[in-house]
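Please read the model below together with its sequence.

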Amino acid sequence: MEDFSINIHDLSIGYKEKKHNKIIAHSLNATIPPGQLTCLIGTNGVGKSTLLRTLSAFHSPLYGEIIIGDKKLSSYSSKELSKTISIVLTEKINVYNMSVYELVSLGRSPYSGLWGKLNKKDKTIIEEAIQLVHISNLRNRAIQTLSDGERQKSMIAKTLAQQTSIIFLDEPTAFLDFQSKIEILQLLRRISKTKHRIVFFSTHDIDLALRFSDKIWFMKKGGNLIIGSPEELSKDRRMEIFSQECNTTLNNNSLLQSEA
Ligand SMILES: Nc1ncnc2c1ncn2[C@@H]1O[C@H](COP(=O)(O)OP(=O)(O)OP(=O)(O)O)[C@@H](O)[C@H]1O
């Protein structure tokens, strides 16, 4: 696993339509370094999922480049992608009679093949992922019996077993109770720090995101990005737009309560 950064150059994202392209955001320039927890916030429909899908190669950019390491994202083979990027979506997975252990094991499929036999190294990596996410007690449980928070943790363990340098998560705290939201964000922070990964997630839980993240990407209506640490953003007058757009009661105190 390599220590990658993501570099975004003059990126336009959106959808190709018959008459003209539907541009969601344009002229995006940014870098996402490893070892940081980065959070993407913005109102409904502003383009967060579109950006996540574009950065994870599920969706093509309209213009511009995404460079991962020293290579264009568009030049990665699907095999290379599966060893570099993992994405956790909010949708419930429709699998029955699959245990948590089996789900986490699927993270090894880019290395062993979907039906490949797990070797000793694979088993050690799966075990480490289960330990790091603190779900040892769930290993034999069927996925469909898990709570939303337990399922979310299991999905995160699967991405850890996949050993990708980059982990994207689309609204990982949606549908969770307050305690589970905190646990998930603490976990994501721990993964970004101890494993030196890029962990990039979208959320509507703005106060919590500000508390746990190293960097905030605020996507404004029209697609412009304001990027900064919670502390930097607290001094940025553009945060007034943030408060208005997100209709939040955010104050500087909550911005400055970053977790150590
Ligand atoms: N396949 C598509 N074709 C055309 N437009 C789309 C498509 N998918 C999404 N959109 C539009 O793109 C815009 C951005 O959607 P997106 O899902 O990225 O927003 P979001 O910020 O993730 O929203 P939310 O917070 O509600 O999940 C919306 O106006 C949406 O209707």
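**From the ligand shell to the sheet and its helices**

In this predicted model, the residues of the shell around the ligand divide into three nonpolar, six polar and two charged. The residues around the ligand are Tyr15, Lys22, Ile24, Gly42, Asn44, Gly45, Val46, Gly47, Lys48, Ser49 and Thr50.

Among the contacts in the chain with a separation of 6 or more, 70% are accounted for by residues 24 or more positions apart.

The next element to follow is a sheet. Six strands form an open sheet with mixed pairing, in the order β6-β7-β8-β3-β9-β10. Its edge strands are β6 and β10 (225-228), each of which pairs on one side only, and neighbouring strands of this sheet are turned by 15° against each other on average, with direction ignored. Within the sheet, strand β3 (residues 37-41) and strand β8 (residues 198-202) pair in the parallel sense over four bridges, and Thr38 stands opposite Phe200 in β8. Helix α7 lies across both β3 and β8, and runs at about 155° to β8.

Helix α6 (residues 148-161) has 14 residues and reaches 20 Å from its first C-alpha to its last, which is close to the 20 Å expected at 1.5 Å a residue.

Why can α6 be described as largely enclosed by the rest of the structure? The reason lies in the count, because 11 of the 14 residues of α6 are buried, where a residue is taken as buried if 20 or more other C-beta atoms lie within 10 Å of its own. The buried residues of α6 are Arg151, Gln152, Lys153, Ser154, Met155, Ile156, Ala157, Lys158, Thr159, Leu160 and Ala161. An α-helix has 3.6 residues a turn, so residues three or four places apart point the same way. After α6 comes Gln163, whose phi is positive, near 55°.

Key. Residues are numbered from 1 along each chain as its sequence is written. This is a predicted model: local features need pLDDT of at least 70, side-chain atom pairs count only at pLDDT 80 or more; totals for chains, interfaces and linings use all residues. Two residues are in contact if their C-beta atoms, placed from the backbone, lie within 7 Å. Helices (H or I, at least four residues) and strands (E, at least two) are DSSP runs, numbered from the N terminus. The expected span of a helix is 1.5 Å times one less than its number of residues. A residue is buried if 20 or more other C-beta atoms lie within 10 Å of its own, exposed if 12 or fewer, and partly exposed in between; C-beta atoms are placed from the backbone. A residue is near a molecule or strand if its C-beta atom, placed from the backbone, lies within 6 Å of it. Ala, Val, Leu, Ile, Met, Phe, Trp, Tyr, Cys and Pro count as nonpolar, Asp, Glu, Lys and Arg as charged, and the others, Gly among them, as polar. Two strands pair if DSSP finds at least two bridges between them. Axes are lines fitted to C-alpha atoms, for helices over the stretch in contact, and angles run from 0 to 180 degrees between N-to-C directions.
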